[in-house]
Amino acid sequence: MERAATVVRQTKETNIELTLGLDGGEVVVDTGVGFFNHMLTLFTAHGNFDLVVECEGDIDVDGHHSIEDIGIVLGQALRQA
């Protein structure tokens, strides 16, 4: 994958590893938040992206930390790719 980037982010609330490729391919999304998994899968399908996301977050409290931090990481990976 030439136009791709991997970003890792660890905070008190989340542990995320995300790989984004701009030329399509594999899609594996595990955020712990079902609806967000669905939306990221649609994003990759309609944008023809390659996306692998693994997130361990404090979803027992609520999913907003996971969603917020994945958004940050996704933006960083897009810029790098």
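Trainee: Which residues have the most contacts inside the largest nonpolar core?
Mentor: Please keep in mind that this is a predicted model. The largest nonpolar core has 18 residues, and L18, L20, L40, L51 and I70 are those with the most contacts inside it.

Trainee: Which elements each supply at least two residues of this core?
Mentor: They are β1 (4-10), β2 (14-21), α1, β4 (50-57) and α2 (64-80). Helix α2 gives the most, with four residues.

Trainee: What does I70 touch, leaving out residues up to four places away in sequence?
Mentor: I70 touches I16, L18, T31, F36, L40, V53 and C55.

Trainee: And S66, is that residue buried or exposed?
Mentor: S66, which is found in helix α2, counts as buried because its relative accessibility is 1%, and the cut-off for buried is under 20%. Apart from neighbours within four places in sequence, S66 is in contact with T14, I16, T31, C55, G57 and I59.

Trainee: Let us change topic. How many helices and strands does the protein chain have?
Mentor: There are two helices and four strands. Read from the N terminus, the elements run β-β-β-α-β-α. The radius of gyration is 12 Å, close to the 12 Å that the globule rule gives for 81 residues, so the protein chain is as compact as a globular protein of that length.

Trainee: What share of the residues is buried?
Mentor: Buried residues make up 38% of the 81 residues in the protein chain. As for contacts with a separation of 6 or more, 67% of them are between residues 24 or more positions apart.

Trainee: One last point: where does N48 lie?
Mentor: N48 lies in the loop between α1 and β4.

Trainee: What is the phi of N48?
Mentor: N48 has a positive phi of about 55°, although it is not a glycine. Most residues other than glycine have a negative phi.

Technical notes: Residues are numbered from 1 along each chain as its sequence is written. This is a predicted model: local features need pLDDT of at least 70, side-chain atom pairs count only at pLDDT 80 or more; totals for chains, interfaces and linings use all residues. Side-chain values use heavy atoms; hydrogens and water are left out. A nonpolar core is a set of buried Ala, Val, Leu, Ile, Met, Phe, Trp, Tyr and Cys residues joined through side-chain atoms within 4.5 Å. Buried means under 20% relative accessible area, exposed over 50%, partly exposed in between (1.4 Å probe, protein chains only). Contact means heavy atoms within 4.5 Å. The radius of gyration is taken over C-alpha atoms; the globule rule is 2.2 Å times the number of residues to the power 0.38.
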